[in-house]
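Subject: Structure for you to look at

Hello,

Here is the structure I said I would pass on. Please open it next to this email and follow along; my notes come after it.

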Amino acid sequence: MKMFSFKLFQIIIWLLLINSFPIFSQTDKEIVEKIFSKIELGMETGKIELFSPYLMETVYIGFQSKIADYFSKEQAYYVLQDYIVELNLQKVKTLKKRISGNSPFISGKLISVNVVDKLHYFISLKYENGSWKIFQIIID
Amino acid sequence: MFNPKSKNNRLIFSAVVFIAALLIKFFSPINDYSGNWKKENGGRIKEVVAAVDSAIAERERVLVSISSQIEKKIKSDTLKNFLKFLEIISTVQNNKIEINIFSNGKLLAWNNKEIISSNELYSKLKTEGKGSCFFYETPLTVYFAKISVIDSIEMFTALPVEKKYILRNPFYQKVSLADSLTNEYGLSVKINYNTQLRVGTLPIKNSMGKIIGGVKFADSGGVAVKHDIINPYNIVISLLFLFALILFLQWINKIIVKDGYLIKIGFFIFTIILIRSFIAFTGQDDFSFFGNIVNPIYYSSRKLWGFTKSPLSLFFTILALFVISLKIFFTFRQYLNIKTFSRIAKSLLFGITLITFLLLYNWFSDILKSIIFDSSILYFKDATLFGGYETVFMYFNILLVGITAVIFGVLFVEILSITILQIQILGKRNLLFLLFSVILFFLLIDEFICRKSSYVLAGFFLIVTFGIYYFQNFIGTNNYLKIFSLLITGSILSVSFLNYFNTQLEVKSLKTIANELTRSNIDLYEYYVNNAIDKVSRKKQSVSELENVKNIDALAFMLWSNTLLSTEVRSSALRIIDVDKSLLGSFEYEFALPYSWQWEDSLVTKKQLKIIDDNKSAKLIASVIPVYSGKSITKYIEIDVLYDTHKIAINSNNKLINYYALFKGIPVNTNLLKIYEYTNDTLTNYFTNVFLTKQEKEKIKNYSKHINKEDWIELNIDNDKHVFFIQKNDEQIIAVGLGEKDFMWNLFDFFKVFFIHSIMIFLFFIIVALLNYNKWKYFKISFKSKILFALLIVSIIPLIFLALYLKDISNKKNRDAVNYKLGKRADGVEHYIARHINNTDNLYEVFENANKDLGVDYAIYENENLIYSSEGTYYKIGLLPLILNPDAYLAVKKYGISEVILKENIDNYFFNSLYHKSLIKNNEYIIKVSDLLNGFRLPMSGIELNVFLFGIYSLAIIIIIIISTLLANQISAPIEKLTKATRSVSSGDMDIQLQLESGSGEVKELIAGFNLMVRQLKKNRNELAKMERESAWREMAKQVAHEIKNPLTPMKLAVQHLIAAHQDKSEKYDSIFYKVTTTIINQIDTLKNIASEFSNIAKMPELKLQPINISTIIKETANLFIEEECIIKIENDKEQIIINSDKEQFQRMIVNLIRNSIQADAKNIIIKTFPNRRL
């Protein structure tokens, strides 16, 4: 009984120790990966609300040379919705991804029903106020 | 079924409309179009082909007309020399056409640039023939051209149809036949400007039936059909459903909502919200048909659950609130009788209203903050007055928000004041002051907790709403003035808040700038390079057909301009390389690295990309792609980009080519920014003309050590307080700051929006006046208004002329200053060259040194050819002609002028060029200096002057209006008093006397005269009345005496006769006695009648009874005493109280009551009516 209690105590201490050492990079990577997945799905389905909670307070949006400016988070939702719905994307093909470092990003190609040529996209994140946020979205 | 008198008509009509809409929606043939657009597109394609033919025919007509004109003049001219040709060409009134005249293989005359070489001309003459139109392609532009031959002279005329390059700046003029057709017809139109037609391409022919090109269409998603047919169809269906809904709600309102104003208000609000929701749900506020006002770029916010997702959507929401505010406002005034509420109910109402007032303030602040922060429109930075129509629309929304807030605010203040005005302890004024203090207290607490704007603005909000409430209820004035005051204060309130939030945005923009400076990294640049190389590879055909291209540099520029390199990258190059690795042509932008083949493979067969990091500050990202002709590689295209974080400043000489505006869309003036970059604790970069002292540098550095990632600090630089945003990224620190005084409001900021609102309010009153045109004949302009208009016209019109004159003078001075500076620079260059030319034979070395030593950018021409330019970019790529301006050539060669200044342009960017004739080593050259390449800082530029004048003159006009109004009031006040006094006299009040102190000079005499006249009138009236009475009495007495005498005489005679008979003891005594007594009795009756008639005369005059509205009569009568020194308050429960009475007598009674009160020194007279009370 005593032995069991001691072992149980050891296990608890280990668990506490493991959790108290923030495995930042691993947790951050998962978060970043999750955000990128939501972005890809959101763009493919036209559902901006999947990734709009991750937009920065002021986010840069560049879109086919039509717009290239900073927008507030509130405004960015509808700006993105308008353009991405208009594009009517068939497929989002990620060619390059980095999920670690100061500026994680994904980039690749977009295949649209309404646009003859393939489009390229680049989306990067920035760490702000304790969480990862979408910093810029460029589609051209 | 349809009974005109039936209450159910609306329900029936609603059902009919609803069913019709359903039937159209589900059974319309248009539903097929969504998947069957190809059928619809067939007809559309025919239309586009016809449009292309028409466009070609039109251009051909222009070319034929102009070339015929020139041909006639050349034929008629005997002296056929090039100067004459230049003169002839300069008379052509079309600034788009290019004309080149050749003879014997030499260019003789031109109107702009040399767009075709003589070799190409003769080659085209062989293939196309003379007089036949064709497409002529250069690296930058495609022309529609024609060659004419007149004797030994060849004339080439051309009109541009397609610009292949893009300049992403506000001056760029797009020319694209393909794009204009795409926009008009919704199909993607591509035009081939050569005769090699691919499969699926329809031919384009000239007037001679020769194929000159081809057109191809694509509509992969039915976009055209959706745009032109399905969207309008959806709008119509939605409107039908909306109409049905409105009818249905109206029916419910009539049938179900019968009694109770609260239920009516509640249902009304529910109706408005339902209609607004329906519009949002069906997307009627989102159709692209409405253009930019549904574009979320101009405004959008996720607040209010999607009801503010565009400017139009915001408008519908604000309009709904505005309508609700009006309904509650007027219903409250008409029905709500708070005075009958119990004390507990009043307290509850007070509490709820107070909270609602605070919520109103919060909502108002939120919405205006959102308009600033969630919109790309820079309301204050943009110096143009109106901007685009979407901007004007947003200005209107801002005005509507302000007006709605004021209406609600006045309503709430009115409710609050009524609930407390029952307290009899304090006077009314004191109660209002107490109420104001209570609301202010809670408002400041709300501001402390919620931080919506500032304490000053919160107080201002309360002052404005309170002020309007006071003005509407306690100052007598007409309804139009009340409406006007409401509208103006709505504007003032919203503009004040807007300015405040704009200042907040400016502060926040410092953070945005810091983010922008750190946004780019190597990964992003790699993306740009990949993107650019892919785009360029789609235009490989242009490169593969290079053999006839004269200017490969221009081709490289054209390719570069179509990529993101032109707007997103600070330093880049695009190179076209021959298969033997030699450089054929290139375009470099801020890129100093020389060309060398850097790829490991000698034969690159597919796209490659690499990053070269040789431990310098800058990294090079390069990509190359081969260009094939068949299976052989003929060329390479290489893109090089330099990623260098240590460069913030941009060479402004190339402002037209690269619109890499580091801080585009930022609301602050970028010239006032102070940006400092530290790397490893050392200041490595800056963007400012203010240099930090050592202490200031240390301060920023030390402060940044204590922050985590970013923070705000205040710093004194040059004795000016600055706000800085500091951002830390590993070893890099960026500090972006602006002086506090540069955040402050200026006159222009306030008056710009206010001025536009004033115009909108003015238009509103014009519309109201037009709608009431049938009442114009009753409209009288008062004496006061006439004086006011006269004063305004006399003051404002000269002011406007003065402003225009000042602007004209300033523009002239600026022009003279520019020309003077250009002249000085040209002289400086000439003297430098003259001093140094003898020391060397290398002219170009001297030219280069002149540029470096003097810091002047210039060009030199020998005859008509450019031989040197210090800033050769624009010439190299063909944006500026390599050949001399023909007007300069004529001025110098024909007229012998030594210096001439000409206005030139690249697209819509206009600049001045000075051409100066100079002798260098006995050869004639022309030095050109322009303000395109040499920036001048003028004391006040055109825009700065406009801003300054607008602000100053707006303030002056406001001051003039205020002073004129006060003067008009003062001048007209005595006349108004006289007018009202005269009206009082005419209604019977003879006791009125005006104060002599209220006038001076002639007016005082007039008042004295009036008072005397009234006293005299009163005296005369009294005397007249007395005289009339006396006369009447005399007359009556005379009549009565006469009437009384009449019966008395016979009575006396009869009695005398009786006495005589008695004395005579007549036998007929009995009959005489009987006769006499009868006579006497009759005469007594007569006397009695006379007495009755007399008493009837003494009765009062008869009353004329009729239904009268005593509320109106009391108001009208009270207005007669408006100039008296007392306050007359009328407390009527109802607007209409109808009784049967004599109007004149009733009015006279009220006059007497009021007059008597005034004479008893009453200061407050309250007239109350109690319609149902039994006294």
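B:Asp179 and B:Lys174 form a salt bridge, with their closest N and O atoms 2.5 Å apart. The term salt bridge is used here for a side-chain nitrogen of Lys or Arg within 4 Å of a carboxyl oxygen of Asp or Glu. B:Asp179 is partly exposed, at 29% relative accessible area, and B:Lys174 is exposed, at 56%. Buried stands for under 20% relative accessible area, exposed for over 50%, and partly exposed for what lies in between (1.4 Å probe, protein chains only).

This is a predicted model: local features need pLDDT of at least 70, side-chain atom pairs count only at pLDDT 80 or more, and totals for chains, interfaces and linings use all residues. Residues are numbered from 1 along each chain as its sequence is written, chains are lettered from A and ligands numbered from 1 in the order in which they are written, and side-chain values use heavy atoms, leaving out hydrogens and water.

More on salt bridges. Over all chains, the structure holds 28 of them. One of them joins B:Asp523 to A:Arg98, with 2.6 Å between the closest N and O atoms. This pair crosses between chains, from helix α14 (residues 522-538) of chain B to strand β3 (residues 89-98) of chain A. Helices (H or I, at least four residues) and strands (E, at least two) are DSSP runs, numbered from the N terminus. B:Asp523 is buried, at 6%, while A:Arg98 is partly exposed, at 33%.

B:Lys210 and B:Glu128 also meet in a salt bridge, at 2.9 Å from N to O. The two are 82 residues apart: B:Lys210 is in the loop between β7 (202-205) and β8 (211-218) of chain B, and B:Glu128 is in helix α4 (residues 118-128) of chain B. A network of salt bridges links B:Arg575, B:Glu588, B:Asp640 and B:Lys876.

Next, the rings. Which residues of chain B have a charge over a ring of chain A? The charged end of B:Arg302 sits over A:Tyr77, 3.7 Å from the ring centre, and B:Arg519 lies over the face of A:Tyr60, at 3.6 Å. The test is that NZ of Lys or CZ of Arg is within 6 Å of the ring centre and within 35 degrees of the ring normal.

There are 52 aromatic pairs over all chains. Rings of Phe, Tyr and Trp (its six-membered ring) pair if their centres lie within 6.5 Å; planes under 30 degrees apart count as stacked, over 60 as edge-to-face and the rest as tilted. B:Tyr858 and B:Tyr868 make a tilted pair, 5.5 Å centre to centre with 50° between the planes. B:Tyr858 is buried, at 1% relative accessibility, and B:Tyr868 is buried too, at 6%.

Last, a sheet in chain B. Its five strands run in the order β20-β19-β23-β22-β21, with antiparallel pairing, and the sheet is open. Strands pair if DSSP finds at least two bridges between them. The edge strands, β20 and β21 (899-906), each pair on one side only. Strands β22 (residues 909-920) and β23 (residues 923-930) of chain B pair over eight bridges, and B:Ile920 stands opposite B:Asn923 in β23(B).

Regards
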